[in-house]
Amino acid sequence: MKRTIEEKLLNPKPGSKAAAAREFGIDLTLLVENLRLTPDQRVRNLQQAMYGIEELLKSSKRKKAKNDTTRTNT
Amino acid sequence: MIQLEPILKSLTAVEVEFVIIGGVAITAHGSAYLTQDLDFCYSRTNGNLEKIVTALSEFSPRFRGFPDNLPFVFDISTLRNGTNFTFRTNIGDVDLLGEVAGVGNYKDVFENSECKELFGFQVRVLTIEGLIRAKRAAGRTKDLLVLPELEALFEVLNDEED
């Protein structure tokens, strides 16, 4: 019986590229989740992740600036 | 971080001939890869260069890494004087490639692309096979790191496992 894409990723055959990717450290369950989405949804998720990282970086910069000011004033 | 929707809206509004390559293309195919910019391959016809200038000017592109106080004009002459560009815009970083190592010029890239709907716009995206060739040819560590994932995707989506 032919295996589905998800089966191929979740239980890769030895010697397959999917098996090699898993051995390399790729989390194939993330691919399974992504393949359930449309390309549009995947790229929108990417955009949200970008905004999240940007916010994190801004927050980190703000915190550092605040710490620097506190140090200068003490 | 690039804001994808406004730039895709602008590029498609004036019908720029372009193919999305790089991280956004990789994500569109299902990879969990994270990127910060938009890379696209573009046709170098004069008409298309004019369209690119029209589409991107509103985002004030400048060469990435150049001092802010250096004068810079983004026009068709700028694009004629080079092939591959890395720009910083007020909505994020954009790389324009006239040629893609491992794939070729715009015509070759277009032939290795497929249509996808992103943010409601119909755009061309380099195929997984094309991305694998491009990443192999680029050969940098960050390119090679994504290869196992792309190869796995290509294998399962093209039924090449058995």
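Burial is judged from C-beta atoms placed from the backbone: a residue is buried if 20 or more other C-beta atoms lie within 10 Å of its own, exposed if 12 or fewer, and partly exposed in between. B:Ser60 sits in the loop between α3 (46-57) and β3 of chain B. Helices (H or I, at least four residues) and strands (E, at least two) are DSSP runs, numbered from the N terminus. The phi of B:Ser60 is positive, about 50°, although the residue is not a glycine.

B:Glu15 is another non-glycine residue with a positive phi, here about 60°. Its place is the loop between α1 and β1 (18-21) of chain B, just after α1(B). B:Glu15 counts as exposed because it has 11 C-beta neighbours inside 10 Å. Most residues other than glycine have a negative phi.

## Basis of the model

This is a predicted model, in which local features need pLDDT of at least 70 and side-chain atom pairs count only at pLDDT 80 or more, while totals for chains, interfaces and linings use all residues. Residues are numbered from 1 along each chain as its sequence is written, and chains are lettered from A and ligands numbered from 1 in the order in which they are written.

## Chain B overall

Chain B contains eight helices and nine strands. Its C-alpha trace spans about 55 × 30 × 25 Å along the principal axes. A compact globule of 162 residues would have a radius of gyration near 15 Å, and the 16 Å of chain B agrees with this. The radius of gyration is taken over C-alpha atoms, and the globule rule is 2.2 Å times the number of residues to the power 0.38.

Of the 162 residues in chain B, 41% count as buried. Two residues are in contact if their C-beta atoms, placed from the backbone, lie within 7 Å. Among contacts in chain B between residues at least 6 apart in sequence, 61% join residues at least 24 apart.

## Strand pairing in chain B

Two strands pair if DSSP finds at least two bridges between them. Strand β4 (residues 84-89) of chain B pairs in the antiparallel sense with strand β3 (residues 62-63) of chain B, over two bridges. In this pairing B:Arg62 stands opposite B:Arg88. β4(B) also pairs with strand β5 (residues 92-97) of chain B, again antiparallel, over six bridges. A hairpin of two residues joins β4(B) to β5(B), and B:Asn84 stands opposite B:Leu97.

Further along chain B, strands β8 (residues 113-118) and β9 (residues 121-126) run antiparallel and are joined by six bridges. B:Lys116 stands opposite B:Val123 in β9(B). β8(B) and β9(B) form a hairpin with two residues between them, and B:Phe119 in the turn has a positive phi of about 55°.

## Buried residues in chain B

Helix α1 (residues 4-13) of chain B has B:Leu4, B:Ile7, B:Leu8 and B:Leu11 buried. These residues cover an arc of only 100° around the axis, which puts them on the same side of α1(B); the arc is that of the directions from the helix axis to the C-beta atoms.

A nonpolar core is a set of buried Ala, Val, Leu, Ile, Met, Phe, Trp, Tyr and Cys residues joined through C-beta atoms within 7 Å. The largest one has 55 residues, and B:Ile21 and B:Cys41 have the most contacts inside it. Leaving aside neighbours within four places in sequence, B:Cys41 is in contact with B:Phe18, B:Val19, B:Ile21, B:Leu97, B:Val100, B:Tyr106 and B:Val109.

## Contact between the chains

27 residues of chain A are in contact with 22 residues of chain B. On the side of chain A that touches chain B, α1 (5-10), α2 (17-24), α3 (28-35) and α4 (39-73) of chain A each supply at least two residues. α4(A) gives the most, with 11 residues. The residues on this side of chain A divide into 18 nonpolar, three polar and six charged. Ala, Val, Leu, Ile, Met, Phe, Trp, Tyr, Cys and Pro count as nonpolar, Asp, Glu, Lys and Arg as charged, and the others, Gly among them, as polar.

A:Leu28 lies in helix α3 of chain A and counts as buried because it has 22 C-beta neighbours inside 10 Å. Not counting residues up to four places away in sequence, A:Leu28 touches A:Leu9, A:Leu10, A:Ala18, A:Ala21, A:Arg22 and B:Ala152. The C-alpha atoms of A:Leu28 and A:Leu56 are separated by 26 Å.
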